[in-house]
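Good morning, and thank you for joining. I would like to take you through one structure, strand by strand. Please look at the display.

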Amino acid sequence: MAKKKSNLIRMISTAGTGTFYVTKTGAKKEKLSLKKYDKKIRKHVMFKEHKIK
C-alpha cells in the first residue's frame, strides 16, 4: 500500500484560550502558523501547529 501524503494537525491559539482548528497538511518539514479567528476573544490571532495526540 502507498503511504499517506497528508497529515492531520491541530492548530492551537497563541492567545491561551484553548481554541483549536483541525486541518490537513502536506508532507513538509516546517511548522505551520496562520492568523485565524478566535471565537472566545472575538479577534484574529496567530495559531501554531501541534500534533494530534
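Leu 34 has Phe 47 in E4 as its bridge partner. Strands here are DSSP runs labelled E, of at least two residues, and they are numbered from the N terminus. This is a predicted model, in which local features need pLDDT of at least 70, side-chain atom pairs count only at pLDDT 80 or more, and totals for chains, interfaces and linings use all residues. Residues are numbered from 1 along each chain as its sequence is written, and side-chain values use heavy atoms, with hydrogens and water left out.

E3 and E4 pair in the antiparallel sense over six bridges; two strands count as paired if DSSP finds at least two bridges between them. Together E3 and E4 make a hairpin, with four residues between them.

What does the turn contain? Arg 42 lies there, with a positive phi of about 55°. Most residues other than glycine have a negative phi. Arg 42 is also exposed, at a relative accessible area of 68%, where exposed means over 50% with a 1.4 Å probe, protein chains only.

On to E1, residues 6-13: five bridges join this strand to E4, and the two run antiparallel. Within that pairing, Ile 12 has Lys 48 of E4 as its bridge partner.

Finally, the sheet as a whole. Four strands form an open sheet in the order E2-E1-E4-E3, with antiparallel pairing. Strand E2 (20-26) and E3 are the edge strands, each pairing on one side only.

Methods. Buried means under 20% relative accessible area, exposed over 50%, partly exposed in between (1.4 Å probe, protein chains only).
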